[in-house]
Amino acid sequence: MVEIPRLLFLLICIGGQFFGLFLFLKGFFPIKSAIPGRATFYNIPTEPLYENGTAEILQPIPQSADKPPMGSGKMPIKPVYGRLVIMLIDALRADFVLGDAYRKDMPYLRNLIANKETLSFMAKAHPPTVTMPRIKGLTTGTIPGFIDVVLNLNSNELLDDNLISQMHMHGKTILFYGDDTWMRLFPRQFAEADGTTSFFVTDYTEVDNNVTRHINVALENPKWDMLLLHYLGLDHIGHIGGPKSSLVPPKLREMDTIIKRIHQRLLVKDQDRNQPTLFVLCGDHGMSETGSHGGASHQEIETPLVFLSSAFKTKQGSEPQAEPIEQIDLVPTLSLLLGLPIPQNSLGRGITSVLKHSFSLREQMRALQLNCHQLAMVLQENVEAPGTEQGLHHYQHAVRLHHSWLHHTSDTTSTINTDQVAGKAIDLYLKAMAGMKERIASSLTRYDVHAMGCGIIIIWQVLLMLLIGTPTWASHTHTIRGSLPSSLLIGPDCHLMSLVVGCCVFTMVIQVMVCTTAYGESSELLCIGSWRAMVISQVFVFLCGSFGALLSSCILDSRLKNVLFVMEGWTNLDKLLVLGTIIHTLSLLASSFVEEEHQTWYFLTLTLFMTFALMAVVSVEPINRKVKIIVTVVAVCSLCRGLRAWNQTGIKWVNEPDIGDWLVRPENRLYLSLIMLSSFCVIYSISLLHKQSLFMRIALLLHLGGVYWYRFSTGAVSLPFSLPSSQKGIYEARLIYLLILIVMGRTIYNHVTILYRKYQKTLSAKGPFHHSEHDFTKAERTALLQDHTMDQYILGIMLMTLLFRPHNSALAAMLVLLQYCIVGILLPWLQLKVWAVTLLHIWMAEVAFSSQGNSISLATIDISAGYIGLESYNAIIAGGLTFLATYSGYLLWILRLMVYITQHYSDRYISAIWESCYTLALSRALPIAVYTILVTIERYHLFVWSVFSPKLLYEASDTYLSIILTLGILCHLFMLHICGYKETLKTL
């Protein structure tokens, strides 16, 4: 009978889970490839003039030097504007400029718009609405991939054809000041540049002053062709306080003053220039009602786009266009206005009203022809059989009408209504561009289905292996006994190693067959002949073959039927917890349930608590205990309702007002101050009910006072008296970090001391003399472990109260109070199994995650927490703090679970910890296995990038977090094993 140690079994499973999910993510989020090179005037068609009774309709781009160029290389349309100024205000929502609520905050700009001295539009950005992907969209005209959310943290040089490179290639001088993301994307492109980091979100003053100080000098300098300004202050204010912050109106007035200064100076300078200057005001994305961005809500994707110029003085502009455009339409529009080739991967369409305002009718039709031809070339490169596409047919028809119009306008004897012909040609050009753009956009997402399929196979194998291992819980044995039949060891013709080798060889044969087909060659991750692909392919073959061998042996031994007997001895609560977990997993199959996932968790937890109340009414005796349990359940339900109302989350109702929105208003600062003080008092009072050292009690008290001092320094709360404070609370936050580090160091020291003393005891027991002073009684060991886990739990509370936004301090208090009620009162009464206790904690961890305001939208991530106490940007520290802030509620429940296990399962501590880790791994294996299949099926769904993809990122993050937690806990068990505890890992 083969015996697999439980620890090794679990490590193999989570290793497979890690690798399988990695494969799937790499296949689902590939980095998009683009047509290499730069567009030139040799790649454009000639105007469809009447020659010998025919007109050239569509000509391919020459792919080699031996093919003759299509055009003469000359500029097809004379540029309308001589210079370009782009002022990009980060997180500038459309309603900040075009809405009524902020009309008084930008008086100069609003007056220009009202007087029709601008061309104004509402431009929609494509998600993900974060800075780097949006800069790519604004310069290349392409739709960035969702993986750019991750790449946003480490921007590399942009190699795709883009507006900046086109200007540089044509000898234009570019000046840049602002977000240094541009400098990383376009190195060596700017004649002069001064960058500021976009990630230090607590700075909203100096980051803008650093841009503004260059404006006067730049405007007086005649030797530039493009001036690019990227202001970050408004975005940073949004991250700190949201769009309703009292800091927003002053910042908008500051931006309006800068717009006025630039515009008026350009009007004066243009009087001495042959061509006017074009001034473009835009935003890269908007901001949600919570001040973040990254999702696809209207507030995040709708931005203003305003054209200003001295040319609008002689030829009046227009009112804001009611019909929204897309941000990527700016690229071909500027290219045509400046006399540059349209970047060859652009999917944008020239803005009709701008072209009509700037060009003659002939130039306008020529511009539309060039734009349409460029899209036709992209269609030709990305779609099989492009000749059958309806958009291309419209383009061909438009060229014929264009040709006819040119012919009849040159014929003075023609009686044809040329205006009508021109109108039909323009309509067909626009219709053709819309059709081709939609077709190209749908074809650009090329998934690595081979890698996705391999990842799904590994993930499902891990799930089945974990399910097969569940019967060991019932028997409380320490090995996976009977999982493999004894004949695999004894039979001369059937050995375990032979089965593993056979499965690996079979997997390799299938892998080679798939990779050698035309379908498999598209997998860069597994089939391209690079060393990385070879390594990943071999790891897949080994894992898939090994898991396949284990599963095959279980099937041969009829081991799978044992899984059905796991439910024997389960209570109704056990079944409810498992059923609820399965229901949640199945709910992920519907996009509406994915968007409002928090509703599922709220429903399941309240159902569970009502079951507790029913059990108390029916079975609890005596009456005083029954009343205590019922009152506790009522308190728990009330606290859960408070959590639910504190922060609106999800997608559909996220903009509805909530308690948090009311508290962050400047006029309610006194109420926020009282709530924060009261919350900290509740947290400290509850902590006194736990057994902990005097040091930890003093440390927690100092910490809570320090956090309030820090929030006072930032202006979030008030005090009836004055306290010394630093600018933006930098030093106060650092003092808090120092206290946390001291507590953390003490916790680690105590843990190491415990292990060392036990190790000394073990060594002495092996020698000729036994030093009893190093020995631990069972009670001492239990007390030491309880102190250690309680210190970790208090440390989690300290991090949570610091990283939470000020109005969420009450949320922290409610979570601590909930844990006291559930873990301290209800669970000891229920006497659940370890795996059931773990599931309950996981449920509550998900509730805590949602109650913070988190959802599947990336906009709910509070990145401002990553900059508490920082004066400059550090990717590792800021990223780590942001991650901890996002999952602080979740982590607090896991830490509380460890405390509960040390208090109530000390007699079999290691077995209980292993069972909890196993449950954590299985609870993540089920939803990730189901969801990977769902997103594979729905990869062309309308909501794939707004719903399914961000949810996949969160599922992957949750899974990798559980793997990290499991490995951390197993390391703790390994240290106990080294130090010789009686229940050692030899039993695992």
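**Entry 1: the sheet**

I began with strand β2 (residues 83-89) and strand β7 (residues 277-282), which pair in the parallel sense over six bridges. For pairing I used the rule that DSSP finds at least two bridges between two strands. Helices (H or I, at least four residues) and strands (E, at least two) are DSSP runs, numbered from the N terminus. The model is predicted: local features need pLDDT of at least 70 and side-chain atom pairs count only at pLDDT 80 or more, while totals for chains, interfaces and linings use all residues. Residues are numbered from 1 along each chain as its sequence is written, and side-chain values use heavy atoms, with hydrogens and water left out.

I then looked up what M87 faces. Opposite M87 stands L281 in β7, and M87 also stands opposite L229 in β6. Strands β2 and β6 run parallel and are joined by six bridges. Strand β4 (residues 174-179) also runs parallel to β6, with five bridges between the two. F176 has L228 of β6 as its bridge partner.

**Entry 2: cover on β6**

I checked burial along strand β6 (residues 226-231), where six of the six residues are buried. Buried means under 20% relative accessible area, exposed over 50%, and partly exposed in between (1.4 Å probe, protein chains only). In a regular strand the side chains alternate between the two faces of the sheet. On one side of β6 I found M226, L228 and H230, and on the other L227, L229 and Y231, all buried, so both faces are covered.

**Entry 3: nonpolar cores**

I listed the nonpolar cores, each a set of buried Ala, Val, Leu, Ile, Met, Phe, Trp, Tyr and Cys residues joined through side-chain atoms within 4.5 Å. The largest has 172 residues, and L466, F612 and I822 have the most contacts inside it. Another core, of 75 residues, lies apart from that one, and F41, I143, L337 and A367 are among its members. In soluble globular proteins, nonpolar side chains tend to be buried together.

For F612 I left aside neighbours within four places in sequence and found contact with L573, V633, L826, W829, L830 and L840. Contact means heavy atoms within 4.5 Å.

Helix α35 (residues 875-904) has 30 residues, and I get 41 Å from its first C-alpha to its last, close to the 44 Å expected at 1.5 Å a residue. The expected span is 1.5 Å times one less than the number of residues. α35 bends by about 65 degrees at S888. The bend is the angle between axes fitted to the seven residues ending at a residue and the seven starting there.

T886 is in α35. Is T886 buried or exposed? T886 is buried, with a relative accessible area of 8%. Not counting residues up to four places away in sequence, T886 touches F849, Q852, N854 and I861.

Helix α11 (residues 248-270) has 23 residues and reaches 33 Å, close to the 33 Å expected. Its buried residues include V248, K251, L252, M255, I259 and H263.

**Entry 4: loops and positive phi**

Most residues other than glycine have a negative phi. K116 has a phi near 60 degrees and sits in the loop between α3 (107-114) and β3 (118-124). K116 counts as partly exposed at 29% relative accessibility. R188 has a phi of about 65 degrees and lies in the loop between α7 (181-185) and β5. R188 counts as exposed at 63%.

S722 is in the loop between α30 (694-713) and α31 (730-766). S722 is exposed, with a relative accessible area of 65%. The C-alpha atoms of S722 and F712, ten residues apart along the chain, are separated by 9.6 Å.

**Entry 5: chain totals**

I closed with the totals. The protein chain has 37 helices and ten strands, and 58% of its 988 residues count as buried. Among contacts between residues at least 6 apart in sequence, 78% join residues at least 24 apart. The accessible surface comes to about 40600 Å², of which 62% belongs to carbon and sulfur atoms. I took accessible areas from the Shrake-Rupley method with a 1.4 Å probe; for residues, only the protein chains shown count as cover.
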